[in-house]
Structures are given as structure tokens and as C-alpha cells.
Amino acid sequence: MRTGLLGQIKNYYNFWLNCKPTGGHGIHSPYVYKLYTEVIEPETKKEVFEKIENYRKELKGCGLSIIKKSINDSLNDGFRGEEISLGKIANSVSIPSHLGRLIYRIVKHYQPKNIIELGTSVGISTMYLAKGNPDASIYTIEGDEAVLGIAQNRFRKSGLTNIQTLSGNFDDQLPRVLNELLSVDFVFIDGDHNGRALINNFNLVLPKVNHKTIIIVDDIRWSKGMEKAWEYISSNSKVTLSIDLFRCGILIFEEGITKQNFLLRYGPY
């Protein structure tokens with residue numbers, strides 16, 4: 001998150017004042033209570049988690065660097081065209097393990113048939129998605145060719161055949177993927193930490209959502225622009241439930257549910 005230390009403290013204080021406590025207490029929506037207590041909050045050890053995190057450890061300890069070849073100027077915290085260690089990418093660019101476990105559990109719970117990911121990085125988040133539903137078709141887009149090559153190599157080694165990788169700008173590649181699909185079941189947005197880009201990506205996906213679609217947005221408090229963009233997309237009339245977990249946000253389009261917004265604690269928050 002890049003709102004500055006004071007901004008982060010203020011953000012978390014406001015979140016803490018307004019969020020529901022752990023354990024599901026105070027959640028009056030049966031749908032959200034069940035989702036929170038059975039899917040979001042539970043933390044269990046799984047062999048699949050250990051294997052993915054061993055890959056992260058491998059990258060952090062390998063001592064290798066790459067020259068980034070980003071197409072998108074604002075991608076991945078401004079490392080464009082610079083030499084960067086794989087350890088730094090695995091440690092500070094890839095999603096943390098608690099968020100990986102979360103998207104795995106949500107995918108495993110809802111079993112989406114098609115998944116779009118904006119921001120592959122070295123493939124850690126993609127692997128969590130793929131393991132959540134091995135039968136899903138996953139389309140993952142990355143703007144940095146060098147980083148994507150690292151991810152592709154790992155997917156091959158891991159035998160993950162349900163992942164289709166695309167290199168390029170989200171503005172170019174996302175419409176192409178959407179044109180191939182009748183509807184979209186699950187979207188994970190974690191590539192361009194820019195409020196305007198988030199709104200644009202959301203609007204591109206919106207015509208393809210169905211009543212079972214889940215959209216997860218990472219780093220919703222990265223900047224004031226991202227905060228405003230999150231407020232904007234979560235207020236969309238098609239969104240029936242929005243769940244703010246401080247770092248990331250979940251949008252649900254389930255029909256027959258009264259529109260509500262929830263602030264819930266998860267992981268270190």
C-alpha cells in the first residue's frame with residue numbers, strides 16, 4: 001500500500017472502528033455470515049499451500065535477477081526496464097500467502113468455470129487460482145514479458161494445463177479474452193494499481209458478469225485514487241454485496257440479496 005505511513009495508520013484506524021469483529025459476530029446477512037465463517041475466515045494447512053509457498057521461497061533464495069520488459073508504464077510498482085531480483089518480486093510484488101489462501105478457498109467454494117486474472121507476476125496467485133479449481137479455464141494477463149516467462153516455466157513444471165497466459169496491456173488483452181467468453185465467473189484484479197485503470201477494467205468486465213460472478217480487487221487502499229475507484233465500483237447497481245477486507249475487496253453479483261457493504265477482518269488485519 002502506498003498511501004504513506006500516516007495514511008495507512010489513518011486508514012486502518014477508520015477500518016478498525018467500523019469493521020465487524022472476527023467470528024462472524026454482528027453479520028446479519030445469512031449469506032455473508034456463511035461465506036465469512038466457512039470460506040473467508042477459516043485457516044487450515046494444506047499441502048497445496050506448502051508447495052506454492054515453497055516456490056516463493058525458491059525465488060527469494062535463488063539470487064537471480066531479470067531485466068523487466070514491461071509494456072505498461074504503471075505496472076508493478078514502477079520497476080519498468082530495470083533490473084530486479086526475483087526475490088524482490090516474490091516478496092513485495094506477488095500477493096502475500098494469506099491472500100493466496102483466500103482466493104484458493106473462494107475459487108474452491110464457488111467453482112467458477114472461467115477465471116480472468118489481471119497481473120500474473122511470477123505466477124504465485126495464478127497457481128492458487130488454478131489449484132482452487134483444476135477444471136477451470138484460467139486466462140492470466142501480464143504486461144511484463146520477462147516476468148511472465150518465469151511464471152510460464154513454473155506452470156509447465158507444475159503440470160498446470162488449465163492456464164492460458166497472455167502478454168500485453170490489459171486494455172488490449174482483456175477485451176480479446178472477454179470476446180471469447182459468453183460470461184465471466186471470477187476475476188482477480190491485481191496488476192495496475194491505478195484508480196482510473198481499475199474503473200476501466202471493471203467497466204469492461206461488467207457486461208459479462210452473471211449472478212454467480214465474483215470479482216476480487218487487491219490493494220484497494222494503495223492510493224487515494226484506488227480508494228475512490230473501489231467506492232465507485234462497489235456502489236454499482238449490479239453489485240449486490242461488497243466485502244472490504246482492508247487490503248482487498250470482494251464484489252458479489254448474487255441475485256435476490258439486498259445490496260449491502262461489509263467491512264470484515266481477515267488475515268493480519
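Arg221 is buried, with a relative accessible area of 11% (buried means under 20% relative accessible area, exposed over 50%, partly exposed in between, using a 1.4 Å probe and protein chains only). This is a predicted model, where local features need pLDDT of at least 70, side-chain atom pairs count only at pLDDT 80 or more, and totals for chains, interfaces and linings use all residues. Residues are numbered from 1 along each chain as its sequence is written, and side-chain values use heavy atoms, with hydrogens and water left out.

**Arg221 and its partner**

- Arg221 forms a salt bridge with Asp244, and the closest N and O atoms are 2.7 Å apart (a salt bridge is a side-chain nitrogen of Lys or Arg within 4 Å of a carboxyl oxygen of Asp or Glu).
- Arg221 sits in the loop between β7 and α10 while Asp244 belongs to strand β8, so the pair ties together parts that are 23 residues apart in sequence.
- Asp244 has 7% relative accessibility, so it counts as buried.

**Other salt bridges**

- Searching the whole structure turns up ten salt bridges.
- One of them brings together the side chains of Arg247 and Asp218, at 2.8 Å from N to O.
- Arg247 lies in the loop between β8 and β9, and Asp218 in the loop between β7 (209–217) and α10 (224–234), so this pair ties together parts that are 29 residues apart in sequence.
- Both Arg247 and Asp218 are buried.
- The side chains of Arg56 and Glu53 also meet in a salt bridge, 2.7 Å from N to O.
- Arg56 and Glu53 share helix α3 (residues 47–61), where they are three residues apart, about one turn of the helix.
- Arg56 is buried at a relative accessible area of 8%, and Glu53 counts as buried at 14% relative accessibility.

**Overall build**

- The protein has ten helices and ten strands (helices, H or I with at least four residues, and strands, E with at least two, are DSSP runs numbered from the N terminus).
- For 269 residues, a compact globule would have a radius of gyration near 18 Å, and the protein agrees with that, having 18 Å (the radius is taken over C-alpha atoms, and the globule rule is 2.2 Å times the number of residues to the power 0.38).
- Along the principal axes, the C-alpha atoms fill a box of roughly 50 × 45 × 40 Å.
- Of the 269 residues, 53% are buried.

**The sheet**

- Eight strands make an open sheet with mixed pairing, in the order β5-β4-β3-β6-β7-β9-β8-β10 (two strands pair if DSSP finds at least two bridges between them).
- At the edges stand β5 (163–167) and β10 (260–263), each with a single partner strand, so one side of each is left without a neighbour in the sheet.
- From one strand to the next, the twist averages 15 degrees (axes are lines fitted to C-alpha atoms, for helices over the stretch in contact, and angles run from 0 to 180 degrees between N-to-C directions).
- Strand β6 (residues 184–189) has six of its six residues buried, so it is largely enclosed by the rest of the structure.
- Strand β3 (residues 114–118) pairs with β6 in the parallel sense over four bridges, and Ile115 has Phe186 as its bridge partner in β6.
- β6 and β7 also run parallel, joined by five bridges, and here Phe186 has Ile214 of β7 as its bridge partner.
- Strands β8 (residues 241–244) and β9 (residues 249–252) pair in the antiparallel sense over four bridges, with Leu241 opposite Ile252 in β9.

**Chain end and surface**

- Leu264 is found in the segment after β10, and at 0% relative accessibility it counts as buried.
- Leu264 and Glu41 are 223 residues apart in sequence, yet 9.5 Å apart in space, C-alpha to C-alpha.
- Leu5, Leu6 and Ile9 make a nonpolar surface patch of about 370 Å² (patches are made of residues with over 30% relative accessible area and no salt bridge, joining like charges within 9 Å and nonpolar side chains, Val, Leu, Ile, Met, Phe, Trp and Tyr, within 5 Å; accessible areas come from the Shrake-Rupley method with a 1.4 Å probe, and for residues only the protein chains shown count as cover).
- Leu5 lies in helix α1 (residues 5–18) and, at 63% relative accessibility, counts as exposed.
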